Amino acid sequence: PRQLFYDSSEEKIYWYNQGTEEIKRTDMSGATSETIGTFAGKTIFDMAPDFENRKIYYTNWTDDTIERIDMAPNSDSTKETLISSLNNPFSIELDTRTQKMYWVEFNNRDIYRADMTLSATPELLYDESITIYGLAIDPDTNALYWMRNNNFMAGTLDGRKDPEVIGGNFGSAWFIFFEPLFRRIYNGTKGSVTSGIRYRNLKGETTSQELVDATVVDCWLVF
C-alpha cells in the first residue's frame, strides 16, 4: 500500500495498492476487501477524501492529472478529471469548507491550489528552488506546511506570506500529516540515517520528538 486513510463514519480503511494498481477498502477486521477503482498502468501518488460528498481526490502522476472517484465499491465509471497538463502532481490536500484543493507539482517544485470542480483554474502559491515532498494544511489558522528537502516550511493558504523554515534536519519526509487537536505535524522519514517516525509541535514549545527510531527503514506515510 502507498496511501491510506480512515473513514470513521463507515469504519473503513482505504488504501492504494501499488502492486495491483487499485484503490481498495476494508473494514477494521481486515476480513474482506472491496475494490473502489482500478488504474492499470498508472501511478497514483496521493489521495485525499471528501467525506461529505463521498469522493476521493487523487494525483495521477502518469497522466499529469488530478482526478476524483466515488467512495464506493466498483466506481470506475465515476472517475472525473478535474485538472490536466500538470507536471508530476505529487501530494494533495483538501479544504472542504472553502472547496479548495492544494497540491505539489514535483518537477516544477511548485505548490498550487484550485477549486474542487471540473476545469478549475490552478493558482500558483509558492515556487521553490528545491524539491517539495509532503504537504499539509491547517484551515483554522490559514496555514500551509510542506517538506522541502530536509526542512519543514510554513506559508499561508493564499500564498501571501513568504515561506519560512520552521524546522530542519528531518530527512526526506515524502508525506506529512497535520493533527489539529495538539497542533502537531507527523512525518515518516526515509534514509539509512534518518529513517523513523517523528512529530513537531506547532504551538507552545516548538520542539520535535522521535517516536520510532532508525530501525524503521523508509517510512512512507503516517496518519
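Alanine 143 stands opposite threonine 156, a residue of strand β15. The model that shows this is a predicted one. This briefing covers a sheet, a set of aromatic rings and a pocket.

- Strands of a sheet pair through backbone hydrogen bonds, and the pairing is either parallel or antiparallel.
- Strand β14 covers residues 143–148 and strand β15 covers residues 151–156; the two run antiparallel and are joined by six bridges.
- These strands belong to an open sheet of four, in the order β13-β14-β15-β16, with antiparallel pairing.
- At the edges are β13 (132–138) and β16 (164–167), each of which pairs on one side only.
- From one strand to the next, the twist averages 30°.

**Aromatic rings**

- A pair of aromatic rings is described by two values, the distance of the centres and the angle of the planes.
- There are 13 aromatic pairs in the structure.
- One of them is formed by phenylalanine 45 and tryptophan 61, with 4.8 Å from centre to centre and 55° between the planes, and it is tilted.
- This pair links distant parts of the chain, 16 residues apart: phenylalanine 45 is in strand β5 (residues 44–50), while tryptophan 61 is in the loop between β6 (55–60) and β7 (65–70).
- Phenylalanine 45 has a relative accessible area of 8%, so this residue counts as buried, the cut-off being under 20%.
- Tryptophan 61 is at 22% relative accessibility and therefore counts as partly exposed.
- Phenylalanine 90 lies in strand β9 (residues 89–95) and phenylalanine 45 in strand β5, so their pair ties together parts that are 45 residues apart in sequence.
- Phenylalanine 45 and phenylalanine 90 are both buried.
- Ring pairs join Phe45, Trp61, Phe90, Phe106 and Tyr133 into a cluster.

**A charge over a ring**

- Lysine 79 lies over the face of phenylalanine 39, and its distance from the ring centre is 4.2 Å.

**The largest pocket**

- Rolling a probe the size of a water molecule over the atoms shows where empty space is left.
- The largest pocket holds about 850 Å³ of space.
- It is lined by 31 residues, and the closest to its centre are Pro49, Glu93, Leu94, Phe177 and Phe178.
- Strands β1 (4–7), β5, β9, β13 and β17 (176–179) each supply at least two residues of this lining.

How values were computed
Residues are numbered from 1 along each chain as its sequence is written. This is a predicted model: local features need pLDDT of at least 70, side-chain atom pairs count only at pLDDT 80 or more; totals for chains, interfaces and linings use all residues. Side-chain values use heavy atoms; hydrogens and water are left out. Two strands pair if DSSP finds at least two bridges between them. Axes are lines fitted to C-alpha atoms, for helices over the stretch in contact, and angles run from 0 to 180 degrees between N-to-C directions. Rings of Phe, Tyr and Trp (its six-membered ring) pair if their centres lie within 6.5 Å; planes under 30 degrees apart count as stacked, over 60 as edge-to-face and the rest as tilted. Buried means under 20% relative accessible area, exposed over 50%, partly exposed in between (1.4 Å probe, protein chains only). A charge sits over a ring if NZ of Lys or CZ of Arg is within 6 Å of the ring centre and within 35 degrees of the ring normal. On a 1 Å grid over the protein atoms alone, a cavity is a set of points where a 1.4 Å probe fits but cannot get out, and a pocket is an open set with protein on both sides within 12 Å along at least five of seven lines; lining residues have an atom within 4 Å of a point. Grid points are joined across faces, edges and corners, and a volume is the space filled by probe spheres set on the points.
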